[in-house]
Amino acid sequence: MVVTVLVLLVALCVPGGKGEVRQEAQRTGHVSVVILGGTGDLAKKYLWQGFFQLYAVQAGSGSTFSFYGGGLSPADSAKPVLFDILKAVSCPKDLSPERCALLKEQFLRLSQYRQLKTSEDYQGLAEHIEQQLREEGMTEAGRLFYLSVPAFAYADIAEKINSSCRPAGGAWLRVVLEKPFGHDLQSAHALAAQLGTTLQEEEMYRIDHYLGKQVVSRILPFRKENQNSLDPIWNKHHIERIEIVLKETLDVKGRIAFYDQYGLIRDVLQNHLTEVLMLLTMKPPANVSSIEEVQQNKLQMFRSLLPLGKSQAVIGQYQAYKSEVQQELNKTQDHVSRTPTFAAVLAHACDARYEGVPILLTSGKMLDERVGYARILFKNDMFCLQNRDSVHCKPKQIVFYFGHGSLQYPAILVSKNLFKPVQKDADWKEVTEHTNVSVLGLPITDYYVQTPIEQREAYAELIAHIFAGRKHSFISTENLLASWSMWTPLLSSLTGAFPRIYPGGGDNGDMLDVHLKGNEISFNSKVVIISPDQVAHSSTNDFQVMQGKFRSAEMVSAWAEELVQRLAADLQEAAEAAVQKEGVFHLALSGGSTPIALFQRLVLHHFSFPWRETHLWMVDERCVPPTESESNFRSLHDHLLQHVRIPYYNIHPMPVQLNQRLCVEEDGGALLYEKELSKSINGSSFHFVLLGVGYDGHTASVFPGSKVKELRKSMVALTESPIKPHQRMSLTFNAINRAHRVALMVMGKGKHELITQLSRVKDNPDKWPVTGVKPTRGTLIWYIDYNALIG
């Protein structure tokens, strides 16, 4: 029988009304802590130490604990390993040696190993806990499961917990999930859906240990407490650059099996550095303790970030990584891994506060020092003619210093030429006596320095929060998916890209220095260590753009990225020509997913596009409110309009919602749009119309069987789609074929069969509506990527 020790379960913070955290007496009683993967590396380094510190704080007056190390191995082999780990835990510094020895002895007696492999094993654990509760007359407060196991095991374990080991009688359940939470947006969605069938959102604690770092958890309170000083300068007019940096000197030996699948961007940038980015740039909540407000402000910031593509990142790989992969994964000598061990990513936001401000996220293995920090570098408008050492002429910056490096301790540093920060947190102090060190270009004496009075380990901090039911330091499902939405397109664009090879450590020199130019980032040095394998394994996708004919019209074909580049360039050329000749450019854009890549290209690379002279019209629209995700206008807004400077009166959404009704014919929405374009466009002739083609051959929202001849009388009509939402509003061929230029964009292997069929069929708009696109005086150009053209 496990010996229990009385401890006090103090008043806890639990989620209150409207997402706020309030002090509330939580159910007291017995708490069972189960660490799955209890003899693994993470448990050995951090988890058992964190739970022992929790026990040491709580021990002595109140309720009871039991600790279980769970794993797949039989107890005979795993139990000695577990107890070697437990014997190595250390006590908080403020404990006397006698008190420390007593607590360690009690902790060991409260702990045991259990094999947790099958549903029967989990049922056996539940029966053990319930028997213990009965025998000792205890009330159960809750069960805490920490899943320190590979992510692919989460769903299965969660199902076993739910079906066989969930507490009863009002006791709480908390399940802690270690990253990675998915491999990309699709897998994160799938994992969230799987877990959602067995666990409630409030029962899941997705842990990012960076949120437990004292400096990171202090960012929002610091911004709030210093709001009077920060508000005037925390914007694009004063901030020169934001940097978030995590440098490591270690390699990834022993982790290759995991690391080679995920790489540095998934391992560090998508989670740790992104969370820091959110805390730095989100709108400070009115109440920093409001979980709901913090999460919503993070989501708002995610939505304002510009899309990331290949031009916004550079990647590298330390030279020894190849041989480490070959050795640990038992690969042959000619095996080449393109997994990055270094990455620098340049982000921008369209938020009014940060428009144009470069945000640099950088991390790497085998670099020259171990250090982590976030720096807000401000513009300095001072010029010192003679006394250049004056504090006023030095860099103006705020540094959130996570630790290590030259300073060796966590701190918040504010350069003295900015302002003196307030000091309200009783757990922090101002440092007045300094050693002779320099931090990011300034001697430490040129900063106001604040540091925690007592340094605490991140996992220990978060374990205390989990025990208390505080969720503000953990990742919600919504924020997780928002982060993957940000990073997945970049990861996809880097597939197949060769990282720059660097030697490691001090030998890297300036090889990994980067140059920022507009929205693009590149390595500053052109000197590269090239692996001979890179030549042997060079991509076969480097074909030139090809021009030809398709269905008697012009055709441009290339791989997807090059095709989008060409279309964007052609579109800007047409816009500039129209503006030069007529002073205005009328562009009609189709809905659906096809043009999104084009929108991203225009946003990130075509800064000189004449948006102020451009009028945007819609080719088609679904009969849904414009705020719905299925709305073509909503997609156009999210991916293009909110990122470019276009006058609002130049935007012409289709009026599918009139008189609080959707696409009711007697409301005359189609006729209204037709009159608007007739009044605004000379001869109702768009300068450029962009169309896509559906798998069934439809274009715009003209579908097979739409009786195309009946639509010739009008330029805008209500149509019917075979898929939901069925009702649409669409330009007709009468309007499309008046255009000066029509572009038909077809991309993806899934469209290869369609292209093959279209290459053979005769014009038959009723069956193949796209064959009805025949500009009367203008030009038709097909933009077809190689995947669609050759399969």
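**Exercise 1.** State how many of the residues of helix 16 are buried, and name the elements against which they pack.

Solution. Helix 16 spans residues 596-605, and seven of its ten residues are buried, so the helix is mostly covered (buried: under 20% relative accessible area, with a 1.4 Å probe and protein chains only; helices: DSSP runs of H or I, at least four residues, and strands: E, at least two, numbered from the N terminus). The buried residues are Ile596, Leu598, Phe599, Leu602, Val603, Leu604 and His605. They pack against strand 22 (520-523), helix 15, strand 25, helix 17 (632-639) and strand 31 (contact: heavy atoms within 4.5 Å).

The model is predicted: local features need pLDDT of at least 70 and side-chain atom pairs count only at pLDDT 80 or more, while totals for chains, interfaces and linings use all residues. Residues are numbered from 1 along each chain as its sequence is written, and side-chain values use heavy atoms, with hydrogens and water left out.

**Exercise 2.** Give the strand order of the eight-stranded sheet and find the strands at its edges.

Solution. The sheet is open, with mixed pairing and the order 23-24-35-34-31-25-26-28 (two strands pair if DSSP finds at least two bridges between them). Strand 23 (546-550) and strand 28 (651-652) each have a single partner strand, so one side of each lacks a neighbour in the sheet. Strand 28 runs parallel to strand 26 (residues 614-618), and two bridges join them. In this pair, Leu616 stands opposite Ile651 of strand 28. Helix 15 (residues 560-582) packs on the sheet and touches strands including strand 24 (553-558) and strand 25 (585-589). The direction of helix 15 makes about 155° with that of strand 35 (779-785) (axes are lines fitted to C-alpha atoms, for helices over the stretch in contact; angles run from 0 to 180 degrees between N-to-C directions).

**Exercise 3.** Classify the packing of helix 1 and helix 12 by angle and by handedness.

Solution. Helix 1 (residues 41-58) and helix 12 (residues 458-468) pack at about 55°, with their axes 8 Å apart. The two helices are therefore oblique to each other (under 35 degrees is roughly parallel, over 145 roughly antiparallel, 65 to 115 roughly perpendicular, the rest oblique). Their crossing is right-handed (the near helix is turned clockwise from the far one by less than a right angle). Among the residues that meet are Leu42, Tyr46 and Phe51 in helix 1, and Tyr459, Ile463 and Phe467 in helix 12.

**Exercise 4.** Is Ser164 buried or exposed?

Solution. Ser164 lies in helix 5 (residues 154-164). Its relative accessibility is 12%, so Ser164 counts as buried. Leaving aside neighbours within four places in sequence, Ser164 is in contact with Ser119, Tyr122, Gln123 and Ala126.

Terms used. Buried means under 20% relative accessible area, exposed over 50%, partly exposed in between (1.4 Å probe, protein chains only).
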